[in-house]
Amino acid sequence: MDAREMKIKAAEAALAHVEDGMRLGIGTGSTAEEFVRLLAEKVAGGFRVEGVPTSERTARLCVELGVPLKSLDELPALDLTVDGADEVDPALRLIKGGGGALLREKIVAAASERMIVIADESKLVDTLGAYALPIEVNPFGLVSTRMAIEKVAARLGLSGELSLRQSGDGEFTTDGGHYIIDASFGRIPDAEALSSELNSIPGVVEHGLFINMAALAIIAGPAGARTLQANR
């Protein structure tokens, strides 16, 4: 089973949790896109959902495939969000934001009664941090914000390069008009402490640590998909 087949298996297992008539948060990324394709097939057969996309990229795919969409203002309370992750630990703490949609992803997840994470087994880790942590920042005061992040990291015993994400000839810009700093800490032993410290920096719009948000993780491997519940 190749990587795409594993993503499809995870998406199929997540789709079993989606009920007719649900208000659904729809995630961003390669695994979430497989979920959208499968969902679209059910919609074409008469299945009713109203979806809130977490990015413009996801919105375009949904429109292309015929999945009905609403804004989060139109559907401010959601039944379920299905989204991918860059890393998942045994407590279902996540690193997200590799695709740059972490702010909208977190807003949509927080508006949902439940969040299900879908991923292949390469994303399952004992401790978060091997994947660089995306930190969404306001362009204004960028240097000061970066210095504040460095001070937070030093206080928590974290080190590693802080890289401003690039795209083409310039800075990568999120759907909200912000920049992303990717923090290569290597290992984050206390994700809760780091989350709290980053939230205290005014120039940090949001960060990619999703803590106590996922109810289930569906992890696909060569033997098929398995469901993990939070070990909290």
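These legends describe close-up views of a predicted model.

**Figure 1. Overall view of the predicted protein.**
The chain holds 232 residues, and 51% of them count as buried. Its secondary structure comes to 6 helices and 15 strands. The C-alpha trace spans about 55 × 35 × 35 Å along the principal axes. How does the radius of gyration stand against that of a compact globule? The protein has 17 Å, and a compact globule with 232 residues would be near 17 Å, so the two agree.

**Figure 2. Helix α1 against helix α2.**
Two packed helices are described by the angle between their axes and the distance between the axes. Here the helices are α1 (residues 3–15) and α2 (residues 30–44). Their axes come within 8 Å and cross at roughly 55°. Angles under 35 degrees count as roughly parallel, and 65 to 115 as roughly perpendicular. The α1 and α2 pair is therefore oblique. The crossing of α1 and α2 is right-handed. On the α1 side, the contact is made by Arg4, Lys7, Ile8, Ala11, Glu12, Ala14 and Leu15. On the α2 side, Ser30, Thr31, Glu34, Phe35, Arg37, Leu38, Leu39 and Lys42 take part. By class, the residues of this α1 and α2 contact divide into 7 nonpolar, 2 polar and 6 charged.

**Figure 3. Helix α2 against helix α3.**
Helix α3 covers residues 56–65. The axes of α2 and α3 come within 10 Å and cross at roughly 20°. Are α2 and α3 roughly parallel or roughly antiparallel? With the cut-off for roughly parallel at under 35 degrees, α2 and α3 are therefore roughly parallel to each other. α2 passes α3 in a right-handed crossing. From α2, the contact draws on Ser30, Glu33, Val36, Arg37 and Ala40. From α3, Arg57, Leu61, Cys62 and Leu65 meet them. This contact of α2 with α3 has 5 nonpolar, 1 polar and 3 charged residues. Ser30 and Arg37 of α2 take part here, and both also belong to the contact with α1.

**Figure 4. Arginine 57 in helix α3.**
Arginine 57 sits in helix α3. Its relative accessible area is 38%, so arginine 57 is partly exposed. Which residues does arginine 57 contact, leaving aside neighbours within four places in sequence? They are Gly29, Ser30 and Glu33. Arginine 57 and threonine 28 are 29 residues apart along the chain, yet their C-alpha atoms are separated by 7.4 Å.

**Figure 5. Isoleucine 149 in helix α5.**
Isoleucine 149 belongs to helix α5. Is isoleucine 149 buried or exposed? With a relative accessible area of 1%, isoleucine 149 is buried. Residues up to four places away in sequence set aside, isoleucine 149 touches Ile135, Val137, Leu162, Ile181, Leu198, Ile201 and Val204. Alanine 101 is 48 residues from isoleucine 149 in sequence. In space, the two are 20 Å apart, C-alpha to C-alpha.

Glycine 157 lies in the loop between α5 (142–155) and β8 (162–164). Its relative accessibility is 64%, so glycine 157 counts as exposed. Phenylalanine 185 is 28 residues from glycine 157 in sequence. Their C-alpha atoms are 9.7 Å apart in space.

Most residues other than glycine have a negative phi. Leucine 92 is not a glycine, yet has a positive phi of about 60°. Asparagine 212, also not a glycine, has a positive phi of about 55°. Leucine 92 is found in the loop between β4 (87–88) and β5 (94–95). Asparagine 212 is placed in the loop between β13 (209–210) and β14 (216–221). What is the relative accessible area of leucine 92? The value is 0%, so leucine 92 is buried. Asparagine 212 counts as exposed, at 54% relative accessibility.

Definitions and conventions
Residues numbered from 1 in each chain as written. Predicted model: local features only at pLDDT ≥ 70, side-chain atom pairs only at ≥ 80, totals over all residues. Heavy atoms only, no water. Axes fitted to C-alpha atoms, helices over the stretch in contact; angles between N-to-C directions. Helix = DSSP H or I, 4+ residues; strand = E, 2+ residues; numbered from the N terminus. Parallel < 35°, antiparallel > 145°, perpendicular 65-115°, else oblique. Left-handed = near helix turned anticlockwise from the far one by under 90°. Contact = heavy atoms within 4.5 Å. Nonpolar A, V, L, I, M, F, W, Y, C, P; charged D, E, K, R; others polar. Rg over C-alpha atoms; globule rule 2.2 N^0.38 Å. Buried < 20%, exposed > 50% of the residue type's maximum accessible area, 1.4 Å probe, protein only.
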